[in-house]
Amino acid sequence: MVETAIKIDNVSFKYRNADSFALKRVTFEVAEGEFILLAGFSGSGKSTLLKCLNGLIPHFHAGRFGGTVEIFGESTLESDTPQLAKQVGFVFQNPENQISNLTVEREIAFPLENFGVPKNEIISRVDELVALLNMEEIRYRSPYSISGGEQQLTAIAAALALDPKILVLDEVTAHLSPRSAVHILTLLNELNKKHKKTIIIAEHRLDRCLNFADKLAFLEKGQLKVFGDLQAVFQSKEFPTNMLPKIPSLFLKLDKKIGLLGDKTSTIPLTVDELVATLNNR
Amino acid sequence: MSLKILEYFNYLEHKSPMHYIDPRGKTLFIIAITCLTIYLDQIIPMCIILVALLPLIYFGNFMKRWLKSLLFLIPVILLVVILNALFLKIDYPTTIAIVLGLRLIILSGFFGLIFQTVSPDDISQTLIKFKFPYSFAWAISTAYRFIPTLAKETNIIIDAQKSRGLQIDRGNLFKRVRNMIPLLIPIFATALRRSWQLAEAIESRGWNATKNRTYLYSLKLKWWDIIVILLSLTLFALFLYLAIADVSLPFWMVYKIPERFELKRLFLIAWEWIKNLFSK
Amino acid sequence: MIEFENVFFKYDPKTDYVLNDITFKIDKAEFVAIVGKNGVGKTTLIKHFNGLLKPNDGIVRIDSLDIVKEPISKMASIIGFSFQNPNHQLFAQNVKKELEFGPKNLKIEESVRDATIQNLVDTFQINHLLERSPFELSGGERRLVSIASVLTMNQQILVLDEPTYGQDYRQKKHLGLFLKKLIEEGITVVVVSHDMDFILDFIPRTIVLSNGKIAADGETVKVLSDQTLLQNADLVSPLLLDLCYSLQQIDDTFTTSINEQEVFENILSMLSKKQKMSR
């Protein structure tokens with residue numbers, strides 16, 4: 001049986017000094033090994049929700065917090081963010097402002113050092129991660145002298161250092177060039193499929209994630225509007241049409257005009273290949 | 001323009017043999033050398049120290065930059081030497097003035113070399129070795145880590161406000177200070193934002209998760225560090241011996257510029273000569 | 001409006017040219033995108049527009065003024081410059097003062113200034129923000145205010161560096177439509193961007209920089225359909241283009257396009273043709 005990795009139950013949060021709640025009664029569950037996309041317009045509460053997953057809310061950001069978040073059955077109210085680092089790796093949007101050490105290698109070692117891991121184990125773990133993410137060339141470089149994509153790669157490596165089962169990413173490709181963004185997303189897919197990491201990512205480039213994401217959660221003004229597998233979400237009326245990724249959007253337009261769904265297929269094609277196959281079979 | 005400064009911050013990526021010496025050894029060495037250089041007031045010992053300094057500077061990859069900085073320093077040093085030679089009211093003023101000049105050259109070399117090869121990382125690790133709290137050491141190396149970012153950002157901010165018509169170097173002092181406001185506020189605001197984001201990031205990486213933090217790298221004395229430390233201690237002992245026992249140096253080390261070559265005398269002769277030249 | 005004639009530039013005499021013999025021309029009321037890999041010199045190029053950088057060789061003319069001879073403060077009245085990160089320029093106590101900063105620097109007459117600002121406030125729909133501090137605005141609002149605050153000087157040219165960073169679909173569309181409106185008013189707009197979708201949706205002309213030279217310059221749809229060019233510019237090929245190529249494999253008469261409406265029509269005609277064949 002697949003275990004529940006994240007259980008979010010009736011979570012609300014209001015930042016101190018804010019006028020309104022950033023999250024309103026959000027409830028959903030993520031099973032171990034799932035790849036979840038978190039979508040929503042700017043200011044819809046995506047970052048706030050993600051920060052609840054490793055206890056930054058309510059431990060680091062003060063405010064009114066209600067409901068519970070459980071990570072593998074452990075409530076985030078009981079352990080603080082540093083403790084949760086073993087379960088949840090967190091990667092932030094700004095590549096530059098999350099690397100505090102003087103070299104890439106040091107940054108990867110940093111969480112292990114914090115947990116008092118013996119030196120020889122730190123070295124072997126760093127070796128492992130550098131090989132996994134192909135970072136040999138930048139291993140001894142200073143974070144200042146590498147590109148944004150490489151900085152983000154460094155942050156992912158650091159988030160993976162303690163081998164957490166869950167990886168949370170907050171718009172990590174927003175500051176990257178399209179090529180680096182695709183590279184990072186492909187890498188995340190690999191971490192999910194090969195290394196069984198549960199991944200939850202807030203992302204604007206939905207198009208590039210459809211071939212590997214399992215589920216999508218759509219937030220609007222702090223409320224969870226739709227949550228489910230991609231098919232269900234894209235067919236749902238709650239999901240705004242202007243947020244639909246290119247291929248499903250094109251297909252649904254075609255469907256409206258000439259009726260494709262329900263004929264031979266009941267699923268919306270998500271990728272170029274799927275759409276071509278659907279059209280070809282017709 | 002100012003981005004050139006940033007090359008210095010890529011320091012961790014260029015290693016020289018001098019970089020591998022333990023910072024504690026280097027600090028001890030510079031203390032000993034400084035004491036000796038200041039205590040000794042003879043030309044020959046100064047020259048010996050200077051000659052000994054050259055290979056160190058060479059191996060520290062510092063020769064080029066040192067010579068460049070000397071280019072600016074030499075006029076100052078010459079001025080110091082000449083003024084002292086002319087106006088010091090002691091025996092052999094020229095000798096003392098030359099010693100003074102040599103001292104400045106030597107100290108600029110040693111201090112430059114040490115600044116060049118001791119990284120903030122070394123400093124923070126030394127602090128950790130001396131039982132300072134880790135957060136303190138972390139703050140030092142992180143501040144350093146963000147200097148180039150800050151410099152880059154400051155340049156962008158200056159460009160942005162110039163593009164909105166801000167003229168930074170116009171007007172009287174009061175106006176110039178006022179002109180700094182549109183630069184300083186964004187600089188502080190972004191720095192503040194950054195510190196929040198950094199705090200979130202390190203929390204998420206397990207900051208202070210355990211009391212017994214380990215380190216990927218920590219300072220360890222190698223055989224060559226022991227040599228450096230012993231050498232420094234020997235030099236320091238020599239200094240103490242010379243200073244406390246008040247022994248005089250061996251005769252071959254004492255050389256004084258003969259009286260007939262005193263700068264003051266040469267100067268007066270030249271003066272007379274010129275006067276004669278014009279009176280004829 | 002913007003003219004580059006054999007422009008050469010490098011930061012350091014020992015290195016290669018960052019701009020190596022650049023020649024191009026942008027007319028009044030044109031809407032142009034500049035794309036290229038990070039570090040290829042896009043920012044260097046646009047900094048020549050208002051004299052933040054001056055060419056080593058060659059001529060840059062803005063509104064027929066030689067930028068070498070003009071002070072930046074004068075250029076500021078002709079060309080508006082919006083940098084990537086709004087946090088790098090917002091500083092005033094409130095949005096109104098932020099908007100007034102530029103015109104005050106240029107000593108623009110108060111009545112003219114107020115009229116321009118009012119006009120901008122209306123088009124950007126930021127009336128309700130005027131009394132608020134720029135620091136308490138959301139990211140998207142800050143972006144709008146920062147763009148508005150460089151437009152207050154009635155410039156003829158607007159240059160934007162990565163204006164869509166961190167913006168969502170809705171905000172991008174808002175911005176795109178606004179820029180189009182500026183073009184209609186006769187303003188020239190140059191955008192440096194990596195955002196394929198934004199460029200495809202709104203910007204008709206694209207210049208690709210590669211190795212200090214102009215690798216391509218022309219109609220966006222044509223430029224962005226060239227796979228090798230895209231690779232050189234650190235861009236990924238648009239999904240619609242991939243789709244067209246794949247559809248060509250099953251029907252070699254399928255015409256490629258990266259315009260969504262056109263692709264839609266093409267698919268419809270392909271399907272109807274197929275239906276006739278099977279009958």
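The following paragraphs describe two interfaces in a predicted model, one between the domains of chain A and one between chain C and chain A.

Chain A is divided into two domains. Domain 1 of chain A is made of two segments, 4–103 and 164–234, whereas domain 2 of chain A covers 245–282. Taken over C-alpha atoms, the centres of domain 1 of chain A and domain 2 of chain A lie 30 Å apart. Seven residues from domain 1 of chain A and nine residues from domain 2 of chain A take part in the contact.

The size of an interface is often given as the accessible area lost when the parts come together. For domain 1 of chain A and domain 2 of chain A, the buried area is about 710 Å², and carbon and sulfur atoms account for 70% of it. On the side of domain 1 of chain A, three residues stand out: Leu210(A), Gln231(A) and Phe234(A) contribute 69% of the area that this domain buries against domain 2 of chain A, more than any other three residues. By class, the side of domain 1 of chain A that touches domain 2 of chain A comprises four nonpolar, two polar and one charged residues. As for polar interactions, two residue pairs are in polar contact between domain 1 of chain A and domain 2 of chain A, both at pLDDT 80 or more.

Chain C supplies 33 residues to the contact and chain A supplies 28 residues. Together, chain C and chain A bury about 3,000 Å², with 66% of that area on carbon and sulfur atoms.

Which elements of chain C give two or more residues to the side that touches chain A? They are α6 (169–184), α9 (227–232), α10 (239–250) and α11 (260–278) of chain C. Of these, α11(C) gives the most, with nine residues. By class, the side of chain C that touches chain A has 17 nonpolar, nine polar and seven charged residues.

How values were computed:
Residues numbered from 1 in each chain as written. Chains lettered and ligands numbered in written order. Predicted model: local features only at pLDDT ≥ 70, side-chain atom pairs only at ≥ 80, totals over all residues. Heavy atoms only, no water. Domains from an automatic or database assignment. Contact = heavy atoms within 4.5 Å. Buried area = accessible area lost by both parts, 1.4 Å probe. Polar contact = N/O pair within 3.5 Å; in protein donor to acceptor, adjacent residues only side chain to side chain. Nonpolar A, V, L, I, M, F, W, Y, C, P; charged D, E, K, R; others polar. Helix = DSSP H or I, 4+ residues; strand = E, 2+ residues; numbered from the N terminus.
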